[in-house]
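Here are my notes on the model. Please read them with the structure open.

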Amino acid sequence: MTRSVLLLRAVNVGGRGTVPMAELRALLAPEFGEVSTYIASGNVVCEHPADPDAARARARELIAAEFGVDTPVILRTHAALARAVAEHPFPEASEKMLHAMFLEGSASPGAVEALHERLVPGERIALVGDDLWIDYGDGGVQNTKLTKAVLDRALGVAGTARNLRTVRRLVELTA
């Protein structure tokens, strides 16, 4: 069975978008087959849907109706996750400080250049396909100027980020 992960944006983070994982699994299981979650920040491992775009839209619709949280849902297959880990551009970065921002689609032209202007010393970014890799360096996420609003505006598409440690675990869970 092919497995994928539905990545929910901004759930159970900072007290916003509360979505209980047990209830989420129960809600999605009838339509997504065997469903599991990894940590409470919106990583839903499921059977790979026949129509990924329709599945993402349906998951978003169900979550909004049940929990009152309208959140983008991004889908990545096991192969896409494994490729992202294998090909990430910053192999020497700390896996805690290196994040993959999985995008719903292609970034706007010039997005990376616009984001370079916002980097603080020690930060690096690279766009690899529909994944924006952000190395926050020693300053960490708390010191960045790459806020959700800045990223959304520059990229022109929604995305959700996971640190490299989490992405590696999602590769294992979707295998």
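1. Two strands pair if DSSP finds at least two bridges between them. By that rule strand 6 (residues 124–128) runs antiparallel to strand 7, with 5 bridges joining them. Helices (H or I, at least four residues) and strands (E, at least two) are DSSP runs, numbered from the N terminus.

2. This is a predicted model: local features need pLDDT of at least 70, side-chain atom pairs count only at pLDDT 80 or more, and totals for chains, interfaces and linings use all residues. Residues are numbered from 1 along each chain as its sequence is written, and side-chain values use heavy atoms, with hydrogens and water left out.

3. The chain has 6 helices and 8 strands. Their order from the N terminus is β-α-β-β-α-β-α-β-α-β-β-α-β-α.

4. Look at strand 7 (residues 131–135). Of its 5 residues, 5 are buried (under 20% relative accessible area, 1.4 Å probe, protein chains only). Asp131, Trp133 and Asp135 cover one side. Leu132 and Ile134 lie on the other, also buried.

5. Strand 7 has a partner in strand 5 (residues 98–103) as well: 5 bridges, antiparallel. There, Leu98 stands opposite Asp135.

6. Back to strand 6. Leu127 has Leu132 of strand 7 as its bridge partner. The two strands form a hairpin with 2 residues between them. Gly129, in the turn, has a positive phi of about 65 degrees.

7. Now the whole chain. Buried residues make up 47% of its 175 residues. Among contacts (heavy atoms within 4.5 Å) with a separation of 6 or more, 73% join residues 24 or more positions apart.

Methods:
Buried means under 20% relative accessible area, exposed over 50%, partly exposed in between (1.4 Å probe, protein chains only).
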